[in-house]
Amino acid sequence: EGAPLVTSLGGGTNLTVGPVHVSVDGALLHVTPLPDAFGSTMLEVTVGDGSTEPVVLEVPVVVEGVDDPLRWNVTSLVIELVEDVASTLDLSSLGWDPDGVAPSFTLLGVPDDQELLSLGLVGTELTLAPLAHANGHLGLTIRMSTGNESLDMVTQVVVAAVEDAGSLRSV
């Protein structure tokens, strides 16, 4: 009687299980949700005073999901192309939603009258096709969205000039 309680987690004092990190400090049990994790788990906690048989408790832990913000894998993007050569970029490799929702993508700030390249966006595939003999720079914004939220990334497209092959004409 009167002895302090000793708490442990499977014999230890620190454990990461499911969506949480758990630690024990004396008789206190600290449960901390892991970043971007949700779900449930069962903790097996042993409590005793050192002189009597310890009691094993099963403690259910539930971490509710929240709407985490979208994330880009890069902070800015420069797409470098060669004149007259088309390229395709999978935009899903550039950003993600920690909640597992598949984002959609749109292009913003592309002037209708620009004469540098043709842009095609189907699903997450962005096709960039420089126009014949065109080179230069174009700024645009890629927007990633899940419906509730969106996140923009400023992007620069650079089309490098290449030496065109000469041709012969008869006179």
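Welcome, and start by selecting His 133, which sits in the loop between strand E13 (125–130) and strand E14 (136–145). The model on your screen is a predicted one. With His 133 highlighted, look at its backbone: phi is positive, about 60 degrees, although this residue is not a glycine. As background, most residues other than glycine have a negative phi. Is His 133 buried or exposed? Its relative accessibility is 55%, so His 133 counts as exposed, the cut-off being over 50%.

Now move to Asp 36, in the loop between strand E4 (28–33) and strand E5 (39–48). Here, too, you will find a residue other than glycine with a positive phi, near 60 degrees. Asp 36 has a relative accessibility of 30%, so it counts as partly exposed.

**The whole protein**

Zoom out and switch to a cartoon view. How many helices and strands does the protein have? The count is zero helices and 15 strands. The radius of gyration is 29 Å, well over the 16 Å that the globule rule gives for 171 residues, so the protein is more spread out than a compact globule. If you line up the view with the principal axes, the C-alpha atoms fill a box of roughly 115 × 30 × 20 Å.

Of the 171 residues, 29% are buried.

**A three-stranded sheet**

Select strands E9, E13 and E12. They form an open sheet in the order E9-E13-E12, with antiparallel pairing. Strand E9 (87–90) and E12 stand at the edges, and each has a single partner strand, so one side of each is left without a neighbour in the sheet. In general, strands of a sheet pair through backbone hydrogen bonds.

Stay with the pair E12 and E13. These two run antiparallel and are joined by six bridges. To see one of the pairings, pick Leu 119, whose bridge partner in E13 is Leu 128.

Is Gln 114 buried or exposed? Its relative accessible area is 18%, under the 20% cut-off, so Gln 114 is buried. Show its side chain together with the backbone of Leu 117: a polar atom of the Gln 114 side chain lies 2.5 Å from the backbone oxygen of Leu 117.

**Last stop: Thr 13**

Finally, select Thr 13, in the loop between strand E1 (6–9) and strand E2 (14–17). Thr 13 has a relative accessibility of 42% and counts as partly exposed. Which residues does it touch, leaving aside neighbours within four places in sequence? Thr 13 is in contact with Val 22, Ser 23 and Val 24.

Before you leave, draw a distance line from Thr 13 to Thr 155. These two threonines are 142 residues apart in sequence, and their C-alpha atoms lie 48 Å apart in space.

Note on methods
Residues are numbered from 1 along each chain as its sequence is written. This is a predicted model: local features need pLDDT of at least 70, side-chain atom pairs count only at pLDDT 80 or more; totals for chains, interfaces and linings use all residues. Side-chain values use heavy atoms; hydrogens and water are left out. Buried means under 20% relative accessible area, exposed over 50%, partly exposed in between (1.4 Å probe, protein chains only). A polar contact is a pair of N or O atoms within 3.5 Å; within protein, one must be able to donate a hydrogen and the other to accept it, and residues adjacent in sequence count only if both atoms are side-chain atoms. Helices (H or I, at least four residues) and strands (E, at least two) are DSSP runs, numbered from the N terminus. Contact means heavy atoms within 4.5 Å. The radius of gyration is taken over C-alpha atoms; the globule rule is 2.2 Å times the number of residues to the power 0.38. Two strands pair if DSSP finds at least two bridges between them.
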